[in-house]
Amino acid sequence: NKLRHSKTVSIEDPVSGDRIPMHMNERAITVLGVSFASTGGTSVVISLESATTIASGTVIHSDTCATSTPEWDVTPSGTAAVATDRIIMLELGTVTGTVDLLTVTFYYSED
């Protein structure tokens, strides 16, 4: 059994276009799932990415976080395997309404 880890970021007053580094992995990892919730506003489009720079990356998971329906342990929709020395980035797409707080957690195991 591999150890499971998680990294969480909470963003007050998120805005469209924000890019937030969540983790820098020193070993290859497998993203097991993503959970997210927000308060206030209507929704936030989120993308979790594996990147070599903070400017762009490969999408691991994209979803819409609606304030009325927090989701937990969402299976990644893209490539879950992440090579060594990558930045796990959270990119915010459209933020609808005035979102007060967005919390995103990704769960992973080291390969």
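Three salt bridges turn up in a search of the whole structure, 3 in total. The model is a predicted one. The protein chain has 9 strands and 0 helices. Four of the strands, 4 in the order β2-β8-β4-β5, form an open sheet with antiparallel pairing.

- R19 is partly exposed, at 23% relative accessibility.
- E49 is buried, because its relative accessibility is 5% and the cut-off for buried is under 20%.
- E91 counts as partly exposed, at 27% relative accessibility.

**Salt bridge between R27 and E110**

- R27 forms a salt bridge with E110, and the closest N and O atoms are 3.0 Å apart.
- The two residues come from distant parts of the chain, 83 residues apart.
- R27 lies in the loop between β2 and β3 (29-40), while E110 belongs to strand β9 (residues 99-110).
- R27 is exposed, with a relative accessible area of 52%.
- E110 is partly exposed, with a relative accessible area of 30%.
- Shared partners join R19, E49 and E91 into one network of salt bridges.
- Side chains of opposite charge can pair when their charged atoms come close.

**The four-stranded sheet**

- The sheet is open, and its 4 strands follow the order β2-β8-β4-β5.
- β2 (19-25) and β5 (58-66) are the edge strands.
- Each edge strand has a single partner, so one side of each is left without a neighbour in the sheet.
- From one strand to the next, the twist averages 20°.
- Strands of a sheet pair through backbone hydrogen bonds, either parallel or antiparallel.

**Strand pairs, from one edge to the other**

- β2 pairs with strand β8 (residues 86-96) in the antiparallel sense, over 6 bridges.
- M24 has I87 in β8 as its bridge partner.
- β8 also pairs with β4, and 8 bridges join these antiparallel strands.
- I46 has L92 in β8 as its bridge partner.
- Strand β4 (residues 43-51) is joined to β5 by 8 bridges, and the two run antiparallel.
- V45 has T64 in β5 as its bridge partner.

**S43 in strand β4**

- S43 belongs to strand β4.
- Is S43 buried or exposed? S43 is buried, with a relative accessible area of 12%.
- Which residues does S43 touch, leaving aside its neighbours within four places in sequence? S43 is in contact with T64, C65, A66, T94, V95, T96 and V99.
- Among these contacts, T64 is also the bridge partner of V45.

**The chain as a whole**

- Read along the sequence, the pattern is β-β-β-β-β-β-β-β-β.
- The radius of gyration is 13 Å, close to the 13 Å from the globule rule for 111 residues, so the chain is as compact as a globular protein of that length.
- Along the principal axes, the C-alpha atoms fill a box of roughly 40 × 30 × 20 Å.
- Buried residues account for 39% of the 111 residues.
- Of the contacts with a separation of 6 or more, 80% are between residues 24 or more positions apart.
- The accessible surface of the protein chain is about 5,700 Å².
- Carbon and sulfur atoms hold 50% of that surface.

Note on methods. Residues are numbered from 1 along each chain as its sequence is written. This is a predicted model: local features need pLDDT of at least 70, side-chain atom pairs count only at pLDDT 80 or more; totals for chains, interfaces and linings use all residues. Side-chain values use heavy atoms; hydrogens and water are left out. Two strands pair if DSSP finds at least two bridges between them. Axes are lines fitted to C-alpha atoms, for helices over the stretch in contact, and angles run from 0 to 180 degrees between N-to-C directions. Buried means under 20% relative accessible area, exposed over 50%, partly exposed in between (1.4 Å probe, protein chains only). Contact means heavy atoms within 4.5 Å. The radius of gyration is taken over C-alpha atoms; the globule rule is 2.2 Å times the number of residues to the power 0.38. Accessible areas come from the Shrake-Rupley method with a 1.4 Å probe; for residues, only the protein chains shown count as cover. A salt bridge is a side-chain nitrogen of Lys or Arg within 4 Å of a carboxyl oxygen of Asp or Glu.
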